[in-house]
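Hi,

Here is the structure I promised to pass on. Have a look at it first, then read my notes below.

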Amino acid sequence: MLLIDLARTSAAVAAGSARLAKIRHLAELLGRVEPDEAEIAIAFLSGELPQRNIGVGWASLQDPPEPRLAATATLRQVNDFLDRIKAQAGPGSQAARKTLIAELFGAATRQEQTFLSRLLRSELRQGALDGVMIEAIAKAAEVPVAEVRRALTLRGWLPAVGAAALNGGVEALRGFHLEVGRPVSPMLAQSAPSIAAALRKIGGPAAVEWKLDGVRVQAHRSGDTVTVFTRTLDDITAQVPELVEAVGALSSEDLVLDGEVLALRPDGRPEPFQITSGRVSSRADVTGARERTPLSVFFFDALRVDGADLLELPGEARHAALVKAVPAELVTPRLVTEDIADAEEFYKDAIRSGHEGVVVKSPHTPYAAGRRGAGWIKVKPRHTLDLVVLAAEWGHGRREGRLSNLHLGARDPLTGGFVMLGKTFKGLTDELLAWQTQRLLELAEGPTDHWMISVRPELVVEVAFDGVQQSSRYSGGMALRFARVLRYRPDKSADQTDTVETVRSLML
């Protein structure tokens, strides 16, 4: 199949808002894909790469070569290029990757270049989320949606499940089982604004657990072999020897555990998230990194213990299996209660200890792998800042023709200017998008027909975020985590916005 077919389908999916139309477009294409291309096609249309990460940054995608007029690139050819790019290592690898990127883009039409650029920047926001793609796969393969969801629970990666459905139908889907050494997509949590709201959703006694500010991990053990995976199912076994040793020391030799690793300070408080993340992602000098930044692990769920699969069991049964298999010092702090005051005090204790908040869990919910199950509800304090819009990017898909992604800045009293803290398009309603496009065009400085426009720093926006982390990407050395727009503040001028020092204080 040609890449242009995916690019056109992606554009059609992005252009419409109707769920059934998106499913129809995707299913039509998946019904035509070759058996050995199915996994590639599903990954690309889901905004993922089969290779996960190929080491290509934003700068490498600037100034692409002139596009071809005729589309000739196939999915297999593109995937082979991505394999070659990922394989580059050692001195000269950055230049080699850039050369390969130029060659790949030089073989693509303009529409294909746009698709590839958004795919490689993880910005393929077209509405082909897992739920839509699952239904499209089921439709194309003529199998029940429930069979696709069950297989995804066990396999963890939709492109592999979709390829099985398209090539082998229900029989192939039923061949998936929980396998030690093969990661399962982690269960995710919904959000609530308060402890009281979370407990109301659960509707009875609930487990309240600290939400640790670390890296989500899934640890598998079969005999003497321990493997560790991230939330995105990447194998990080070699980077976390502390975790490997901790799991290897347990009495059970056949198990799968869900938890978090994090770097702790001598006083027991967590290091900033980027320190933990940097340690986990580093492949160089692991022994030295361990000495400088040791990791601790805490588990909060068990998917398999002593060879028994636990996914379908209620949460309280899984936790009972966990505490039998894991020593207490490796289990995430937890309180079971229906008393709001007790739960709120436990929540405050988590915050005082430097963690993100809590997760309120139903004792009855099975493990909903890869989904935001109604039985897990996270509660975190909400930080807000009043910031200035410095620039904006033109949107695509549903936001085509509107200025969407906002560049946010904090005031620097020393220079009289503003320091960029990151970007966000989260929280913008259709009404806000329309209003801000008109207002930002009035404030535009320079051309407005490029992918990004700069604006006079006059428009103030109130932004919520989860925290502040160190970042070398921006001149201020920090960036907001999970920023989202709450509202515009026409009652405030730019000189009344929050300062760089205010933001920096939130890193401590």
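Arginine 304 has aspartate 309 as its bridge partner in β7. This is a predicted model, by the way. Strand β6, covering residues 295–305, pairs with β7 in the antiparallel sense, over 2 bridges. Both strands belong to an open sheet of 5 strands, ordered β4-β3-β5-β6-β7, with antiparallel pairing. At the edges stand β4 (225–230) and β7 (308–309); each has a single partner strand, so one side of each is left without a neighbour in the sheet.

Two or more lining residues each come from α6 (110–120), β11 (383–394) and β12 (403–412), and α6 gives the largest share, with 5 residues.

Is aspartate 386 buried or exposed? Its relative accessible area is 7%, and because the cut-off for buried is under 20%, aspartate 386 counts as buried. Its side chain makes a polar contact of 2.5 Å with the side chain of lysine 492. Leaving aside neighbours within four places in sequence, aspartate 386 is also in contact with residues including Val460, Val461, Glu462, Arg489 and Asp498.

Cheers

Definitions and conventions: Residues numbered from 1 in each chain as written. Predicted model: local features only at pLDDT ≥ 70, side-chain atom pairs only at ≥ 80, totals over all residues. Heavy atoms only, no water. Helix = DSSP H or I, 4+ residues; strand = E, 2+ residues; numbered from the N terminus. Buried < 20%, exposed > 50% of the residue type's maximum accessible area, 1.4 Å probe, protein only. Polar contact = N/O pair within 3.5 Å; in protein donor to acceptor, adjacent residues only side chain to side chain. Contact = heavy atoms within 4.5 Å. Pairing = 2+ DSSP bridges.
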